[in-house]
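Grab a pencil and let's work through a few exercises together.

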Amino acid sequence: VLGPQAIDRVARVLQHVYRTPLLLIALVVIGISQLWLFWRGDPSSAVQQVVSTPLALPLLAGLLIGAGVFHEFGHAAALRYGGGRARAMGAGFYLFIPIFYTDVTESYRLGRYARVRTDVGGVYFHLLAAAAFIAAGAATGNEFFFVAAFLIDLDVARQAVPFIRLDGYWLLADLTGIPDLFAHAGPRRRRLGKGRGG
């Protein structure tokens, strides 16, 4: 959907959110907003209110799509901060689930810390979007902002699962230094099976 020039124009600006002072402030804001979201009460009442309100679901879908695109710019901005450039950004299906993606292949020429930053960049930006939604909900009283933030939290949890090729998988691969974890899973399981079965 987007080529490298269009992505780089945005990533060049957004990369500054990875500078240490801004990063620390952003992490504090994310932490406070998340604590406030879960201490304010049961999210199921907000979900019920959103479901029963006309046009709330399309608005919610729009917020989540926007946050998903912002997530991808988090990867691109992290890569740009490390000295690389994203090649493309688009949408598709993975295991029948609609997804956005960013081609950050250039991260492989960077050091491990820069690759890890690129891996978690999407989650970082997704949680920044959630913090903005929480602030908008607190300012306006519109519950669908809180529901959007809660759904982002669920998506962040899904992204962390290392058993499918989402952010958690690539993060684990870069932390361990094993570029293709699935290629090692079968042989390792067979070795473990032989050791137990005798």
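**Exercise 1.** Does Ile25 count as buried or exposed, and why?

Before we start: this is a predicted model, where local features need pLDDT of at least 70, side-chain atom pairs count only at pLDDT 80 or more, and totals for chains, interfaces and linings use all residues. Residues are numbered from 1 along each chain as its sequence is written, and side-chain values use heavy atoms, with hydrogens and water left out.

*Solution.* 
- Step 1: Find Ile25 in helix H2, residues 20-39. Helices (H or I, at least four residues) and strands (E, at least two) are DSSP runs, numbered from the N terminus.
- Step 2: Know the cut-offs: buried is under 20% relative accessible area, exposed is over 50%, and partly exposed is in between (1.4 Å probe, protein chains only).
- Step 3: Ile25 counts as exposed because its relative accessibility is 53%.

**Exercise 2.** Which strand pairs with E1, and in what sense?

*Solution.* 
- Step 1: Two strands pair if DSSP finds at least two bridges between them.
- Step 2: E1 (residues 88-94) pairs with E2 (residues 97-103) in the antiparallel sense, over seven bridges.
- Step 3: Now check the hairpin, which has two residues between the strands. Leu95 sits in this loop and has a positive phi of about 50 degrees, although it is not a glycine. Phe96 is in the loop between E1 and E2 too, and its phi is also positive, near 65 degrees.
- Step 4: Compare their cover: Leu95 is partly exposed at 47% relative accessibility, while Phe96 is exposed at 73%.

**Exercise 3.** How far apart in sequence are the parts tied together by Glu143 and Arg40?

*Solution.* 
- Step 1: These two form a salt bridge, with the closest N and O atoms 3.1 Å apart.
- Step 2: Glu143 is in helix H6 and Arg40 is in the loop between H2 and helix H3 (43-51), so the tied parts are 103 residues apart in sequence.
- Step 3: Glu143 counts as buried at 16% relative accessibility, but Arg40 counts as partly exposed at 33%.

**Exercise 4.** How many helical turns, about, separate Asp155 and Arg158?

*Solution.* 
- Step 1: Their side chains meet in a salt bridge (2.5 Å, N to O).
- Step 2: The two are three residues apart in helix H6, so about one helical turn separates them.
- Step 3: Elsewhere, salt bridges that share partners join Asp8, Arg12, Arg80 and Arg85 into one network.

How values were computed: A salt bridge is a side-chain nitrogen of Lys or Arg within 4 Å of a carboxyl oxygen of Asp or Glu.
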